[in-house]
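Have the model open beside you as you read.

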Amino acid sequence: MTVRLTDRGEILLEDTCPSEDAEILLQKLSADPDAPVDLRACEFAHTAVIQVLMAAMPKVLGPPAGLALRDWVYPILARRSVSD
Amino acid sequence: MNDFLQQFLIESRELVTQGTEGLLLVEQSPGNADLLDTVFRAFHTLKGGAGIVEFAAMEHAVHAAEELLVEVRSGRRTLDARLVGDALACLDLVTAWLDTLERTGALPENVDAGQASPPSGVPAADWTAALFSRNSGVLHRAVTAIRFVADRDCFYQGEDPIARMSALPRLLSLDLEPVLAWPALGELDPYSCNLILTALTSASPGDVTAHMQGHSGRCEIVAVAAAGVPRIEEELPMNVRKLLEEQLAVLDADKVQRLAGRIASVSRTTANAMRFCGRDDQAERLGNALGSDEEAGRRLRSSITQLLASGSAAPAMRAESSPAVETVARTLRVDAARIDSLVRLTGELTVAKNGIGHTARLAHANGDAVAGLLKEHHLVLDRLIGQLQSSAIAMRVLPLRSVFQRFPRVMREMASSLGKPVKLEIEGEDTEADKTIVEMLFEPLLHIVRNAIDHGVEDANERLKAGKPAVATIHLRAARAADQVLIEVTDDGGGIDLERVAEVATRRGLATEANLRMMSEADIIDLIFAPGFSTAARITEISGRGVGMDTVRTAVENMGGRVSIASRRGHGTTVSFALPFSVMMTQVMTVESGGQVFGIPVDAVVETVRIASEDIAGVGEARVIVHRNRTVPIIELGTVLDGSQQRETSAETHAMVVIVAVAGQSVGIRVDRPGERMEVILKPLDGLLSGTPGIAGTTLLGDGRILLVLDIVEILQ
């Protein structure tokens, strides 16, 4: 399970999240739109998963573990969550 | 987008490029008439294309520019920068329209050629401008800009656009934007991709194109330099300048020995220095373009001097600014000439393979031990080369749709200008044929269709009286039959009036009443193809412009095909084209005559007969046989080709005669013996032999002998 809810009510993405995680993430964010998403243990996430993050604009916790995710995707997600 | 628009889009883009390049060149040398012609042709063809797809605004815009060029061509106007600017602006407008077409799949609506600004829809340049301003910090290192709009369903095709883009070589920036604003979470379909990904990299457009290979979506790859962004290079740091000056000193050192070593060392140091400054692309070029001779030393020296002089980009070392590269998944446009050379090479391979077959037979005859092995290898080669050849030929193949699609519009206009309601039914437009044939087919088909509407189809009243529906039907059919492509144009009109054909033929001196009486119906119909025949009582605008059916027959025969007509009075007419599937391959039958092997195209061969020598009768100088109640003249190949003496026929009791026919004319070719049937790729005659009458081309036989393939049409003349 690469997407799960922590005891603190945060949504945790771990390792490499496949496209199937998009649906799970969407369900969790729909249930609690204010839940922060913790990307720090995430190596990479499929575009479908990142799309959900872009649409939901949750507060994201980072930086992520994976380099590509950290350098290219996290700044966009962080910028959005801060500016909104 | 339908194939027709797709074709229009591809062609128009090529023409815009051609026109732009030509305009820029002609501005440099305004007196160059050839260049001007090229530009003019590009505009003219663009206009024609716009007319065909009924894109009036583009037609008008291009027409206006074309008019200016006409004036320049005739010397009434001089070509100045302003004119070139206007013409280029016109092409920009066209490009913006084409972008809209590509994006939406439909022609832009509500656009007016007169409007100064490009039409609605964001021109391609806009995304680069936004991208550059967002990423000004890394722009000085950017070589290539990429915009990738993944297909909505791309996830199902295994595409992960962010993974792909973030793995781009030498990535400098990556931006993600939604195509449509994000919906509320409840309405979000997470598996429908809604992203536009833009990126800058310092990798070359070529590398980026290679990286994006096989993507599912629409990808634009633009060279940053070509997008009009001046590369702002930072000043070289002082220590780097010093280092470069030292390198010049090393190159200039007055020692001739060890030049190669010095070049290698200097280039490596300079490349490292550039890498240190973040100019990876320059570093790469310095590392790549190398030799070890004095010329290489000079090149390296001038590169370093330029780096020092400008402190900025080194213009001479910049890659040629490449135009915007559109990558299209799964298709590759290749120059037809390259494919032709591939096909020719497979032809050469076939010849080489046949040589091995011959060697194997010789070895077998000599009882050689390797004969079996040779034969085995020959069989494998035979199979593989056969496959290679058919794949190569398949690359030249196009569906006939591209020709057939042009007819509905043409028909509509013809039918309305002649006041005869006609509907067109098309079948088999997926049938494929050689590119050359597809491209040459339009004119002859158009002629047949014109004739059908003009001469074949009756007036609506007449049709009703004959118990036919008022609206006539013209069928355009294509089908593949073995190695032939059959195309038929059938109308349900009045059919061909044989008496009238006979009357006209007599009047025009194409036939006498005596030989008309001898002719079958088919022979009489065939007279329509005679040069100078035209049955139109009046010259209409549609047909009857002095171009007769003879040109149709010539065109079809030039493609290596045959044309025939069948007609029933009162029921209609069918004109059939039988065309070869490939123009590169020719089926020939070999014959031997006087110790030499000749090939006769199988298309022309009617039959091979063995006759008694005494059945060859002399009529004056000529010799004839009577075959199936017709008199067939006999020719000796030697006589036709080099004028040598006819052989003494009396010495032999029997003669082999190959009867060939072209355009309804038969002739018997006397041969010593018929040989085998084979597929060959003809090489045209060149050098001393070029222009030899009666020979269409040559090919090599397995045993190394040359096969001369006869040009039957020329021989009959």
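**A helix and its neighbours**

Start with α12(B), where the buried residues (under 20% relative accessible area, 1.4 Å probe, protein chains only) include I339(B), D340(B), V343(B), T346(B), G347(B), T350(B) and V351(B). This is a predicted model, in which local features need pLDDT of at least 70, side-chain atom pairs count only at pLDDT 80 or more, and totals for chains, interfaces and linings use all residues. Residues are numbered from 1 along each chain as its sequence is written, chains are lettered from A and ligands numbered from 1 in the order in which they are written, and side-chain values use heavy atoms, with hydrogens and water left out.

An α-helix has 3.6 residues a turn, so residues three or four places apart point the same way. The buried residues of α12(B) pack against α13 (371–394), β21 (673–681) and β22 (695–700) of chain B, with contact meaning heavy atoms within 4.5 Å. Helices here are DSSP runs of H or I with at least four residues, and strands are runs of E with at least two, numbered from the N terminus.

Now look at where the chains meet. The contact draws 24 residues from chain A and 22 residues from chain B. Of the area that chain A buries against chain B (accessible area lost on being put together, 1.4 Å probe, summed over both parts), T47(A), Q51(A) and W72(A) supply 35%, more than any other three residues. On the side of chain A that touches chain B, the elements giving two or more residues are α1 (21–31), α2 (47–56) and α3 (67–83) of chain A. The largest share, eight residues, comes from α2(A).

Notes: Buried means under 20% relative accessible area, exposed over 50%, partly exposed in between (1.4 Å probe, protein chains only). Buried area is the accessible area (1.4 Å probe) that two parts lose on being put together, summed over both.
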